[in-house]
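Hi,

Here is the structure I said I'd pass on. Have a look through it, and below you'll find my notes on what turned up.

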Amino acid sequence: MSELLSMKGITIEFPGVKALDNVDFSLNAGEIHSLLGENGAGKSTLIKCLTGVNHMDEGKIYLEGKEIRPSSPMEAIETGISTVFQEVNLCPNLSVAENIFVGRQPMKHRQINWREINRRAEELMSRFHLDIDVTRPLSYYSTAIQQMTSIARAVDIQAKVLILDEPTSSLDENEVQLLFNVMRELKDNGMGIIFITHFLDQIYAVSDRMTILRNGHLVGTYGIKELSKVELVTKMVGKDMDVIFNLKRADVKPDSRITLQANHIGDSSHIKDISLTLKEGELLGFAGLLGSGRTETAEMLFGASRIVQGEIILDGTKLNLTKPFDAIKAKIAFCPEDRKRDGIIGDLSIRENIMLAVQSRKGFMKPMTRQEQTDLANKYITLLGIATPDCEKKAGELSGGNQQKVILARWMAAEPEVLILDEPTRGIDIGAKAEIQRLMLEMCGSGVSVIFISSELDEIIRCSNRIVIMRDREKVAEIDGSSCTQQDILKIIAEGAA
Amino acid sequence: MKVSRLMQSKVTWAIIAEALILLVCFIIRPEFFSISYQPSTGMLYGSLIDIVNRSAEITIISMGMTLVIALGGTDLSVGALVAVAGAISLKFLRWDVLTYNTPGDYTVYPYVLVIFVPLIVCALMGLFNGFLVAKGGMQPIIATLILMVCGRGVAQILTDGKQFTTGYSPFRVIGQGSFMYLPMPIIITIIVVVAVALFTRKTAFGAFVESVGVNPSASRLSGIKADTVILIVFMITGLLSGIAGLIYSSRIMSNDSNNAGLNFEMDAILAVVIGGTNMAGGKFSLAGTVVGSLIIRTIVTFVYYFGIVSEATMAFKALIIAVVIVLQSEPVREYFAKRARKKEGVSHA
């Protein structure tokens, strides 16, 4: 196999930090190479350097033996390096075909040759075994198809190197398989693919080699068979994972009092009839596929969407929840699924993000002093180990895991009785994941009742006392968390009955 | 604070720009800075005083505009509300032609109505804007366009399309009186700026405004009643436009439904932007806005003072503002911040 891309001694300094320190990376033609590391390890910096977004202070990049120095994303694309980002950066209002050819439409008689565009687009998509109408707007299709469109564009401009940055984080299992098939096909055609993901299973499913970064340093490059998962994680995190994964399920006594109770609640559109109970200090897992009604149920319990039937009872009193404020007053907290859209307030400081829920419960006429806010923020920065120089840093500048911790801190500071966490570990690295799980269980230990929604069954099983399984917007089963396996849950999700 | 941090702040650049304009004035004609005391009126006189005095309306309105922009919106109706406030107050001040022939020192309705009815009406009109935005889900620029267009019409209807004049001396005090040697508009401006600053920064209201401006959805899920915040902000802006309207009509002792507050919305938006508040919403700086408003007025005064032909006023104003905005742009600020950082790096080493 020939070496396609080689990066040597890459060093990038940002004010105050060395984001990358003398990192080497190499990619062969016809290879899928995973790039691994925790958040802040330097993965995206390395990619940005390759795509011309960041400029390196030292080092050299060779593409097919020739030195290149991309100074802008456009230039990188012209030299043959294309990127597909986690959040698709195409135009949702243009058609699939237009998105593939935008900026280089085939012309005929000085006019855009639409027939040609649509034909070639169809041809490209059918190579990926996708039979779709390419004249429909991109926004009509799922994220998976949108990513395929992005990849199709890269294929059509004959990219030599394709970078996939967290492409799978919002795809379901089938879509992931579809993507993998496409990746394998491109690899067979000699393309070099750099694959970035947080899902360890996926790395083992498709990659040939992997390169691990930690704190801006190169840990090493390994063949896929050289490292076991545990070894890989140990190298990524830099400490022994056994300690981190040694979590203890919350201890709930049979006579613990019931805190939250929902009787036959339903919202105006999707959810018809959900009932559940939650005990003091208990962790209730919510399993089910995307769209099975997990999030909608959580939103009803938090007052983010209104219930049209049934009742919600907290500590024996019936709640009338019309807006999140009501739930917060009643000491219910909710960490939403979409951290960027519904959770973090990027332009505000960590301090302001943390104090927000406490302050909003008090109302704006009873302000906390600056000192109180700073003390509160610093307390949780230490408690949760948020990596930041001080509490005045903009929350949006933190890594994903640390942002999640800031949101968790916001709710911990509000001292809730019931804490609802919707996918709190999505898109964050394994070390932070384990820490969030530990914090969650610690909160249970201090008497908080937690509802934990996750798509990853292993973490649901590891942490939950009881597991509610949702399917097609209904609660289909409730099982004991300590005695079930992934197969049990999958069976219920697939077949319905318990 | 480090120089590099200062260089990155837009407010710093606004102050630098203002200083540069004043410096040019000083070089051309040092008497630009002279301030004298006029015993007959009990007021200080001079170009600098005049700049602050004449900027009062825009400064007052732009306090509200800062909050609207921090929410990620704009309020186009402020200029029309200035006209509405003037129309209402003059409607109450209108003398009875049958009793008196000329405007004099008298009012038909109690003075309390002359002052408070315009303010209440303007606040309610602001609330209407807020209602369209918060409950109707309209974009602020569209919602406020409604009152921008029909506000002047309302003013016309209220005054039957006529221009009234008055000589009522308590009303004259608002725009032409003095207190502690300073023109009254300056005093009112100081009170408004301090009040808005205290309200936003001594309560958590400012933080809520910024939070809603950056991310409305996350703010709501954190328990902030975003609708209430929006309603309050638009109401404040309406009220402040009313105050500016009273000052404006007191200066001319008349109402002018067509020209009162004309283009004030543009100047107010400009003052906010020069002051360093991002049009996309988020962090806001009231101090920056005050400087922004002063810059705009300094340019106008400069033009008058140095006798530049009046046809060129607008072009000249645009030119200077363009320079200010370029100075504040990301690349320029980053360039100077980098240089400052380098120097700091050297001095540390």
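**The cores**

Leaving aside residues up to four places away in sequence, B:V233 touches B:L67, B:V68, B:L71, B:G130 and B:V209. Keep in mind that this is a predicted model. B:V233 is also one of the residues with the most contacts inside the largest nonpolar core, together with B:V84 and B:I243. That core has 94 residues, and its largest share, 16 residues, comes from helix α12 of chain B (residues 226–252). Another core, of 82 residues, lies apart from it and includes A:A287, A:A330, A:A395 and A:I407.

**A helix pair in chain B**

Next, α14(B) (residues 286–305) and α15(B) (residues 313–328): they pack with their axes 10 Å apart, at an angle of about 140 degrees. Because of that angle, α14(B) counts as oblique to α15(B), roughly antiparallel being kept for angles over 145. Their crossing is right-handed. On the α14(B) side you'll see B:I295, B:I299, B:V300 and B:V303, which meet B:T313, B:F316, B:K317, B:I320 and B:V324 of α15(B). By type, the residues of this contact are seven nonpolar, one polar and one charged.

**Where the chains meet**

Chain A puts 25 residues in contact with 22 residues of chain B. On the chain A side, the elements giving two or more residues are α11 (324–329), α12 (339–343) and α13 (350–362). α13(A) gives the most, with six residues. Sorted by type, the chain A side has 15 nonpolar residues, four polar and six charged.

Cheers

Definitions and conventions
Residues numbered from 1 in each chain as written. Chains lettered and ligands numbered in written order. Predicted model: local features only at pLDDT ≥ 70, side-chain atom pairs only at ≥ 80, totals over all residues. Axes fitted to C-alpha atoms, helices over the stretch in contact; angles between N-to-C directions. Helix = DSSP H or I, 4+ residues; strand = E, 2+ residues; numbered from the N terminus. Parallel < 35°, antiparallel > 145°, perpendicular 65-115°, else oblique. Left-handed = near helix turned anticlockwise from the far one by under 90°. Contact = placed C-beta atoms within 7 Å. Nonpolar A, V, L, I, M, F, W, Y, C, P; charged D, E, K, R; others polar. Core = buried A, V, L, I, M, F, W, Y, C linked by C-beta atoms within 7 Å. Buried ≥ 20, exposed ≤ 12 C-beta atoms within 10 Å, placed from the backbone.
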